Amino acid sequence: KKHLKRLAAPKSWMLDKLGGVFAPRPSTGPHKLRESLPMVVFLRNRLKYALNGSEVTKIVMQRLIKVDGKVRTDPNYPAGFMDVITIDKTGEYFRLVYDVKGRFAIHRITAEEAQYKLCKVKRVQVGPKGIPFLTTHDGRTIRYPDPLVKVNDTIQLDIATSKIKDFIKFESGNLCMITGGRNLGRVGTIINRERHPGSFDIVHVKDALGHLFATRLNNVFIIGKGSKAYISLPRDKGVKLSISEERNKRLAAKQ
């Protein structure tokens, strides 16, 4: 399939219903279709650097846009969670992270922070000739990792050399971001993990205001040791307010 209907596109792209019949279908790439953001949507609908799709093509074909340090000329390239988008011409760096509403926020970062990204370890295996390697959430394979790194941990990856700089174990008390489900985009510390053999492990998380919530293990992405995050977080710092709390905050801001 090469098409994607407008209404079938992920809600997090925030495309209007009546703005056409189709939506840009992300190319096949390191992130899943529903968990990615095509370059078109980012440049045209978020940053407003282009007015229409052909302008986006003109921008990317000038080799101005880098994703994770590599020039990408496909306007439908699927950039996903934790990817670093670099626009050298304007000196801007963005990291794709979810805001509390479960959308990809336009999150600008410094040049220092754009040097690395965090990757969740999906599997750890031994390859041919007994070489250990691990696979990350964004489809990278890294050989000879630290033997202490296990599945569900997070590694800090240097983008230029794609070497592991540091890693964070999946443990209670560490900071995590939720990357799927109803609590998408919330940040909190892990309280405990319920194991359910043969079913889905449930992780209980507590956010900065003390709200407790639970989610499946595969939606949890560790982003920091203790309460210190390894990446900067977007506006609301991953704390979801209830509708009434949000209203009160808005009214207070007006006065």
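Which strands and helix do the buried residues of α1 pack against? The legends below start there.

**View 1. Helix α1 and what surrounds it.** The buried residues of α1 pack against α2 (53-61) and the strands β1 (36-38), β2 (65-67), β5 (84-87), β6 (92-98) and β7 (104-108). Helices here are DSSP runs of H or I with at least four residues, strands are E runs of at least two, and both are numbered from the N terminus. Packing is judged by contact, meaning heavy atoms within 4.5 Å. Since six of the eight residues of α1 (residues 39-46) are buried, the helix is largely enclosed by the rest of the structure. Those buried residues are Met39, Val40, Val41, Phe42, Leu43 and Arg46. "Buried" is under 20% relative accessible area, "exposed" is over 50%, and "partly exposed" is in between (1.4 Å probe, protein chains only). Just past the helix, Lys48 has a positive phi of about 60°.

A quick note on the model: it is predicted, so local features need pLDDT of at least 70 and side-chain atom pairs count only at pLDDT 80 or more, while totals for chains, interfaces and linings use all residues. Residues are numbered from 1 along each chain as its sequence is written, and side-chain values use heavy atoms, with hydrogens and water left out.

View 2. For Cys119, the closest cysteine sulfur is in Cys176, 17 Å away, so a bond is out of reach. Cys119 is buried, at 0% relative accessible area, and Cys176 is buried too, with 0% relative accessibility.

**View 3. Asp138 in its loop.** Asp138 sits in the loop between β9 (132-136) and β10 (141-143). With 6% relative accessibility, Asp138 counts as buried. Its side chain makes a polar contact of 2.5 Å with the side chain of Lys117, and another with the side chain of Thr136, also given as 2.5 Å. A polar contact is a pair of N or O atoms within 3.5 Å; within protein, one must be able to donate a hydrogen and the other to accept it, and residues adjacent in sequence count only if both atoms are side-chain atoms. Setting aside neighbours within four places in sequence, Asp138 is in contact with Pro30, His31, Asp68, Lys117 and Cys119.

**View 4. Arg103 between β6 and β7.** Arg103 is in the loop that links β6 and β7, and counts as partly exposed at 28% relative accessibility. Not counting residues up to four places away in sequence, Arg103 touches Ser12, Met14, Val97 and Tyr98.

Definitions and conventions. Disulfide = S-S within 2.5 Å.
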